[in-house]
Amino acid sequence: SMIVGNLRLCWLIEVGFPIKMSSLVGQTEYVGGVLSHDGSMNSEVRTRLDSARRAWYSFGRFWSSAASEKFKITCYRSLIQTILLSGLESAVLTDDQISQLEKRQMQYLRKIMCGRACYKTMKQAIDGRIFVQFHALTNVAVRSALKIATLQSELRARRLRWLQQLVCFYSAGSITLHLLEGKFLWEKWEQVTATG
């Protein structure tokens with residue numbers, strides 16, 4: 001992640017962003033995104049989870065209302081999922097960060113199902129008493145019932161669309177492509193090989 005942070009710093013210097021080395025801070029917010037000095041996305045993911053929670057609760061009882069499930073999913077995708085994923089196409093996320101995002105999505109999807117995300121069974125004991133047991137549906141079953149993909153799959157599709165746009169408009173995205181390739185425009189020398 002230190003390499004990613006250094007690449008971002010080099011890109012900012014190349015595009016002419018004025019940076020004083022004494023003014024570097026641990027993290028800052030720039031155009032809505034949280035930038036960290038070490039290139040990690042932990043602060044960004046936490047900010048997105050908090051923003052999604054605030055957006056979810058701002059709709060109050062809508063999620064448990066009599067509105068159709070299809071309409072609720074449309075609202076979820078356009079409001080909540082957008083907050084969780086917008087702009088992360090170019091970010092390098094760890095498995096733990098993706099897991100945090102997926103966990104939050106599953107909490108919301110289960111609430112949208114209004115109790116249908118579990119089922120109950122009744123069993124009779126030897127002495128005649130009846131026990132009711134509740135069983136949660138698997139995450140796969142919940143996503144399948146609501147026809148929604150995992151956030152990781154959605155992020156992968158968005159990344160592919162982002163890369164397609166970079167290729168189609170090469171001149172506008174040349175700096176980004178050079179970042180991905182590992183060589184900048186100003187580098188005249190060859191990259192160091194394993195033999196030196």
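User: What percentage of the 196 residues in the protein chain do buried residues make up?

Analyst: This is a predicted model, in which local features need pLDDT of at least 70 and side-chain atom pairs count only at pLDDT 80 or more, while totals for chains, interfaces and linings use all residues. Residues are numbered from 1 along each chain as its sequence is written, and side-chain values use heavy atoms, with hydrogens and water left out. Buried means under 20% relative accessible area, exposed over 50%, and partly exposed in between, with a 1.4 Å probe and protein chains only. Of the 196 residues in the protein chain, the buried share is 28%.

User: How many helices and strands does the protein chain have?

Analyst: Helices (H or I, at least four residues) and strands (E, at least two) are DSSP runs, numbered from the N terminus. From the N terminus on, the order of elements is α-β-β-α-α-α-β-β-α-α-α. The totals are seven helices and four strands.

User: Why does Gln97 count as buried?

Analyst: Gln97 lies in helix 4. Leaving aside neighbours within four places in sequence, Gln97 is in contact (heavy atoms within 4.5 Å) with Met41, Asn42, Val45 and Val92. Gln97 counts as buried because its relative accessibility is 2%.

User: Which residue has its backbone nitrogen 2.8 Å from a polar atom of the side chain of Gln97?

Analyst: The C-alpha atoms of Gln97 and Met41 are separated by 8.0 Å, although these residues are 56 apart along the chain. The side chain of Gln97 also has a polar atom 2.8 Å from a backbone nitrogen, and that nitrogen belongs to Thr94.

User: Which side chain of opposite charge is nearest to Arg104, and how far away is it?

Analyst: Arg104 lies in helix 4, which covers residues 95-112. The side chain of Arg104 reaches the backbone oxygen of Leu49 at 3.1 Å, and Arg104 touches Leu49 and Arg53, not counting residues up to four places away in sequence. Arg104 is buried yet has no salt bridge (a side-chain nitrogen of Lys or Arg within 4 Å of a carboxyl oxygen of Asp or Glu). The nearest side chain of opposite charge (Lys and Arg count as positive, Asp and Glu as negative; His and the chain ends are not counted) is Asp50, at 5.5 Å.

User: Is Val132 buried or partly exposed, and what is its relative accessible area?

Analyst: Val132 is found in strand 4, which spans residues 130-136. Val132 is partly exposed, because its relative accessible area is 41%.

Notes
Polar contact = N/O pair within 3.5 Å; in protein donor to acceptor, adjacent residues only side chain to side chain.
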